[in-house]
Amino acid sequence: MSIGTTTLKIDGIEVTVPEGTTILNAAKANGINIPTLCYLEGLTPWGGCRICMVEIHGTPKLFPACATPVNTGMEVITQSEKLREYRKMVVQLLLSERTHVCSVCVANNACELQKLADELGVDHVMFERNWTSQEIDSTHKSLVIDRNRCILCTRCIRVCDEIEGVHILDLKNRGKDSQIIIDLDQKWGDSDYCTSCGKCAKVCPVGAIYVESEALSETKDKHIAEFILSRRNR
Amino acid sequence: MVTAEKARVATIWLSGCSGCHMTFLDQDEALIDLAKKIQLVYSPIADVKVFPENVDVTLVEGAVANDHQEEMIKFARERTKILISLGDCAVTGNVPALRNAWVKSDEAVLKRAYIETADVNPQIPTEVPELLPKAHPLHEFVKVDYYIPGCPPPSGVVNYVITELLAGRTPNMEGKSKYG
């Protein structure tokens, strides 16, 4: 083993990656796809959605691939019946937590949660839905936040903080009561610091933040953070 | 369930827009092949008054939103071997269940629909089935065997599920479960 690299097994395949690489990126570099939702290339991993959970040989615990660095000799399993069932359950919990009605959503056909449900075959939700009626803020001149559709992935918070460098978005409360807030929990239209850059809408995986009267398929740009970082680091 | 005889198939229309029945009809020429294998024993597009006994497959469109629909779906379940939730309203509640998010009383719903937003002759209808406090997906009332999400589901997926079931196979819904 050369210095600065780690050799491990992913799904039985031996791979060698730079030290400190996450399991997700090690898998990706070797053509192995692990589904993700809150993860976004270019932003600090959050590990909150639990879609990318993987098994590691020798421990009964599951690990989020996006936030777990590789170790020498590690044996990672990314696809199993157990993981499939867990991932399906995570999607069901997300769909039942708030009000997700794809047919009337701005993100219909451009939604990562909808796509994931399709790919995993989540053809129904076994939990009773909450049917929330949380605050929708449309006071900003172009950006709208509908908290009923939010899955609390925090991509918007991270892109606002780490890429735009403004950090006007953050979280309040805990658990199911968690909410995305603007500044110190005020109306978006009253925010003096929002630069109206719209990156929050570009990275929102669902239809929670969107640009008024613009198709979300036009707005969305999963590669925005990665792209800006690559230009900065040139 | 493969028999020499035709399979007995029924369709039910609860709180939905009929779009899922449209999608069933939208199978186009595939309906001709299907017609050789099935007998439609109950449906909004067939003039049968009472849901019959010994039904092999029942496709249900729509959410369960009133007491008549609740009774209807329980009755149909008892008489059906394979019950399928067809479309987002039956699978998730979808549009009929949007009222769940903002109001919990049927009075307020009726007032909103028939008084506040009425252009002419505002009045609350009488002698109609009583609304349930919430609109529900089918599987919150009865056991559902298969689910076909979509608003409406693609007719190809509807055909795939029925064809697989008639052939005695289990449909695989991965990549065929898009909501909306």
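**Reading a two-chain model**

Of the 180 residues of chain B, 38% count as buried, where buried means that 20 or more other C-beta atoms, placed from the backbone, lie within 10 Å of the residue's own.

Student: What kind of model is this, and how are its parts numbered?

Tutor: This is a predicted model, in which local features need pLDDT of at least 70 and side-chain atom pairs count only at pLDDT 80 or more, while totals for chains, interfaces and linings use all residues. Residues are numbered from 1 along each chain as its sequence is written, and chains are lettered from A in the order in which they are written.

Student: Which elements make up chain B?

Tutor: Helices (H or I, at least four residues) and strands (E, at least two) are DSSP runs, numbered from the N terminus. Chain B has seven helices and seven strands, and from the N terminus on they run β-α-α-β-β-β-α-β-α-α-α-β-β-α.

Student: How does the radius of gyration of chain B agree with that of a compact globule?

Tutor: The radius is taken over C-alpha atoms, and the globule rule is 2.2 Å times the number of residues to the power 0.38. For 180 residues the rule gives a value near 16 Å, and chain B, with 17 Å, agrees with a compact globule. Along the principal axes, the C-alpha atoms of chain B fill a box of roughly 55 × 35 × 30 Å.

Student: Is helix α4 of chain A largely enclosed or open?

Tutor: Seven of the nine residues of α4(A), residues 155-163, are buried, so this helix is largely enclosed by the rest of the structure. Among the buried residues are Cys156(A), Val159(A) and Ile163(A). The buried residues of α4(A) pack against β8, β9, α5, β10 and α7 of chain A. Just after α4(A), Gly165(A) takes a positive phi of about 75°.

Student: At what angle do α2(A) and α3(A) pack?

Tutor: Axes are lines fitted to C-alpha atoms, for helices over the stretch in contact, and angles run from 0 to 180 degrees between N-to-C directions. Helices α2(A) and α3(A) pack at an angle of about 140°, with their axes 10 Å apart.

Notes
A residue is buried if 20 or more other C-beta atoms lie within 10 Å of its own, exposed if 12 or fewer, and partly exposed in between; C-beta atoms are placed from the backbone. Two residues are in contact if their C-beta atoms, placed from the backbone, lie within 7 Å.
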